[in-house]
Amino acid sequence: MNPKVFLLQEGEERRLFAMRVRIVVGAVLVLVCVLVARLAYVEIGRHAYYATLARDNLMRPLPLPPARGLILDRRGVVLAGNYPTYTVSIAPRAVRHLSRLLTRLKGLIGLDTRDLQRFLHDVQTHNPDDFLPLRRNLTSIETARLAAHLPQLPGVRLQAQLRRNYPLDGLADAVVGYVGPITKAEVARHPERDAGYQDAGQSGIERLYQRDLMGRMGFKDVEESARGRLVRVLKRMPGRPGDNLYLTISAQMQAVAEEMFKGRRGAAVALNPRTGAVLAFVSSPTYNPNPFVLGISRRRYAKLTNNPRAPLDNRVLNGLYPPGSSIKPFYAYAALQTHWFHPHRRVLCRGTWHIPGNNHIFHDWLPWGMGRIGLEKALEESSDVYFYKLAYRMGIDRMARYLEDFGFGHRTGIDLPGESAGTVPTPQWIKAHASPWYEGETIITGIGQGPLLVTPLQLADAMAALANHGVRMRPYVVRAVQNPLTEAVHYTAPHAYPAVPRHRAGSDTLLVNDLTHVISGSLGTAHIIAHRLPYAIAGKTGTAQLWSVPASGQYKGPRPHSDALFTAMAPVPDPRIAVAVVLEHAGFGLHSAIPTEIARALINLDLLGHVHVRHAPRALVARFARERRLYARAQIREARTRRAPSVSGNQTG
């Protein structure tokens with residue numbers, strides 16, 4: 001090859017290579033300049049924007065749940081309070097291996113299947129960035145052990161909280177109610193409950209006064225690391241604790257009445273006739289509301305709901321009972337307003353009676369009758385024949401109208417949820433049921449049997465109206481609402497309903513005086529509690545006969561049983577307390593005297609400050625038992641002669 005040509009080609013390649021190097025270096029320099037310019041733009045021109053994004057990624061607003069308001073009795077005894085507890089929570093997105101973390105936590109604090117199932121359900125239904133509670137109410141040992149290992153547990157938080165507590169267990173559970181975890185259904189109905197609140201009232205005062213008790217939620221902005229650990233608190237906005245509620249009830253009266261029931265099914269309520277304030281509100285048997293706070297287990301809840309004694313039922317508000325003879329004073333009041341009724345006119349009571357032109361016989365509780373008696377003796381000895389004749393003369397329309405005037409058949413308006421209205425056979429009710437109304441049904445309604453159903457609260461409210469000269473006061477249980485920060489107190493103002501019509505002057509005073517003989521009279525049906533009482537009581541006993549299956553659940557066919565009732569007011573002539581007590585399945589004998597004993601204890605506590613008054617002599621107790629045995633035999637004989645007990649309505653006070 002020619003050397004000149006070879007040298008020429010080598011020089012050309014060198015120039016080409018140098019040009020390519022310059023092009024590459026130029027391109028690299030251009031790219032470096034672009035990168036530097038971009039970095040300068042990001043770091044300088046957009047510094048504020050990206051710094052804000054970085055801070056936002058590290059900042060998290062956390063709710064600060066306020067302390068729930070206290071519920072106290074009228075003397076300041078705490079019925080519902082709060083106690084400090086620790087909760088462990090997990091942010092699922094901040095955890096790489098959730099199953100490993102749960103296994104490790106199980107060895108530290110002890111997790112049961114129920115805790116894990118609830119947490120895994122929350123993981124599927126809630127935002128994974130949020131801290132979801134895994135276990136509440138840690139013990140002090142568990143809290144210390146978890147706090148020591150917390151730096152090695154990313155995405156785990158240990159938080160101090162206040163939990164609801166009922167220090168007296170089931171005392172006044174029918175009034176106070178309970179709180180429980182907020183469900184998705186409740187959040188759908190009340191979106192404001194999703195703003196960090198974990199508990200909500202489910203029944204009683206806790207439910208009705210939820211807005212007052214829950215307070216206002218606070219917030220704090222915190223800075224966290226990428227692994228979910230708290231770095232610092234940037235801002236804090238404290239909330240406002242819930243209002244404290246002072247009730248009208250007395251914890252002492254509640255405790256005494258509940259103890260006297262001894263777990264038997266029944267109810268007791270006491271009112272101040274002048275204001276309508278509820279002094280005692282007992283539904284027996286009671287239950288412990290504390291397990292509901294953290295979410296009661298299905299097994300435990302089923303045990304409560306399947307209990308034949310039904311402890312979850314609020315018998316004061318929803319218990320519907322035939323009033324028996326306890327309704328007779330209100331029929332007597334209705335008759336006293338007519339021009340044809342004379343309370344001192346004597347009526348012959350032979351032990352039986354029948355409607356003119358009808359051969360069906362209605363029996364008195366005393367088989368041989370009571371002779372010629374007026375209204376005073378008819379109430380004292382609880383004559384059925386006397387009120388058979390009175391109901392026949394008045395008619396169902398007048399009877400139902402005056403019962404409605406005393407509040408029967410309507411809700412009392414008490415500040416508690418779920419009250420029943422009861423049943424009064426008014427003309428509208430009779431027409432709605434599309435069945436013929438017979439005179440015999442009017443007769444048995446006149447002694448508190450048949451379709452007539454009332455609640456214990458209605459009985460106490462009606463007796464309070466009678467004690468207050470016909471003026472009904474709306475019952476209420478919340479006496480005052482207190483702001484815990486300013487300590488300002490807002491008291492509940494009593495509210496009066498229209499007075500019961502009265503067309504004869506002094507008729508209410510006459511009736512109350514006649515009712516005192518039920519206790520003080522030698523043949524009074526409640527004379528067992530009258531021994532050495534330092535004040536006068538006006539009242540009326542009642543026994544309603546029903547057919548039911550025994551509470552044991554062993555079905556052997558329906559059988560008759562009797563509910564015992566007692567309503568009273570004291571002291572006469574200026575009553576300051578009205579009481580109604582119901583004992584289910586009281587039977588006959590001394591058990592049927594329990595309502596009168598409970599009423600006497602409540603009245604003594606309110607008027608005297610103590611329970612015990614010297615008990616009646618044994619001879620008086622034995623006499624009372626003999627009379628009850630006579631009544632039992634009369635009831636059994638009557639039950640054998642008719643298909644349904646309400647046909648003749650055989651009962652007594």
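**Figure 1. Overview of the predicted chain.** The model is a prediction, and its secondary structure consists of 23 helices and 21 strands. Of the 653 residues in the chain, 49% are buried. Among contacts between residues at least 6 apart in sequence, 72% link residues at least 24 apart.

Figure 2. Helix H10 spans residues 251-261, and its buried residues are Ala251, Met253, Gln254, Val256, Ala257, Glu258 and Phe261.

**Figure 3. Packing of helix H14 against helix H16.** The axes of H14 (residues 328-336) and H16 (residues 384-394) come within 11 Å of each other and cross at roughly 45 degrees. The two helices are therefore oblique to each other, and their crossing is left-handed. On the H14 side, the contact involves Lys328, Tyr331, Ala332, Ala334 and Ala335; on the H16 side, it involves Asp384, Phe387, Leu390 and Met394. By class, the residues of this contact are seven nonpolar, no polar and two charged.

**Figure 4. Helix H16, its burial and its two ends.** H16 is mostly covered, with eight of its 11 residues buried. The buried residues are Asp384, Val385, Tyr386, Phe387, Tyr388, Leu390, Ala391 and Met394. At the start of H16, a side-chain oxygen of Ser383 comes to within 3.2 Å of the backbone nitrogen of Tyr386. H16 is followed by Gly395, for which phi is positive, near 85 degrees.

**Figure 5. Packing of helix H14 against helix H17.** H14 also packs with H17 (residues 396-405), at an angle of about 110 degrees and with the axes 9 Å apart. This angle makes H14 roughly perpendicular to H17. The crossing of this pair is right-handed. Phe330, Tyr331, Tyr333 and Ala334 of H14 meet Arg398, Met399, Tyr402 and Leu403 of H17. The contact residues comprise seven nonpolar, no polar and one charged. Tyr331 and Ala334 are named in the contact with H17 and also in the contact with H16.

**Figure 6. Leu452 in the loop between helices H19 and H20.** Leu452 occupies the loop that joins helix H19 (439-445) and helix H20 (456-467). With a relative accessible area of 0%, Leu452 is buried, since the limit for burial is under 20%. Leu452 and Pro322 are 130 residues apart in sequence, yet their C-alpha atoms are 5.9 Å apart in space. Beyond its neighbours within four places in sequence, Leu452 is in contact with Tyr321, Pro322, Pro323, Ile327, Tyr331, Leu403, Thr423, Val424, Pro425 and Thr445. Two of these partners, Tyr331 and Leu403, also take part in the contact of H14 with H17.

**Figure 7. Asn290 and its partners.** Asn290 belongs to helix H11 (residues 290-293). A polar atom of the Asn290 side chain lies 2.9 Å from the backbone nitrogen of Tyr166. When neighbours within four places in sequence are left aside, the contacts of Asn290 are with Asn165, Tyr166 and Asp169.

How values were computed: Residues are numbered from 1 along each chain as its sequence is written. This is a predicted model: local features need pLDDT of at least 70, side-chain atom pairs count only at pLDDT 80 or more; totals for chains, interfaces and linings use all residues. Side-chain values use heavy atoms; hydrogens and water are left out. Axes are lines fitted to C-alpha atoms, for helices over the stretch in contact, and angles run from 0 to 180 degrees between N-to-C directions. Helices (H or I, at least four residues) and strands (E, at least two) are DSSP runs, numbered from the N terminus. Angles under 35 degrees count as roughly parallel, over 145 as roughly antiparallel, 65 to 115 as roughly perpendicular and the rest as oblique. A crossing is left-handed if the near helix is turned anticlockwise from the far one by less than a right angle, and right-handed if clockwise. Contact means heavy atoms within 4.5 Å. Ala, Val, Leu, Ile, Met, Phe, Trp, Tyr, Cys and Pro count as nonpolar, Asp, Glu, Lys and Arg as charged, and the others, Gly among them, as polar. A polar contact is a pair of N or O atoms within 3.5 Å; within protein, one must be able to donate a hydrogen and the other to accept it, and residues adjacent in sequence count only if both atoms are side-chain atoms. Buried means under 20% relative accessible area, exposed over 50%, partly exposed in between (1.4 Å probe, protein chains only).
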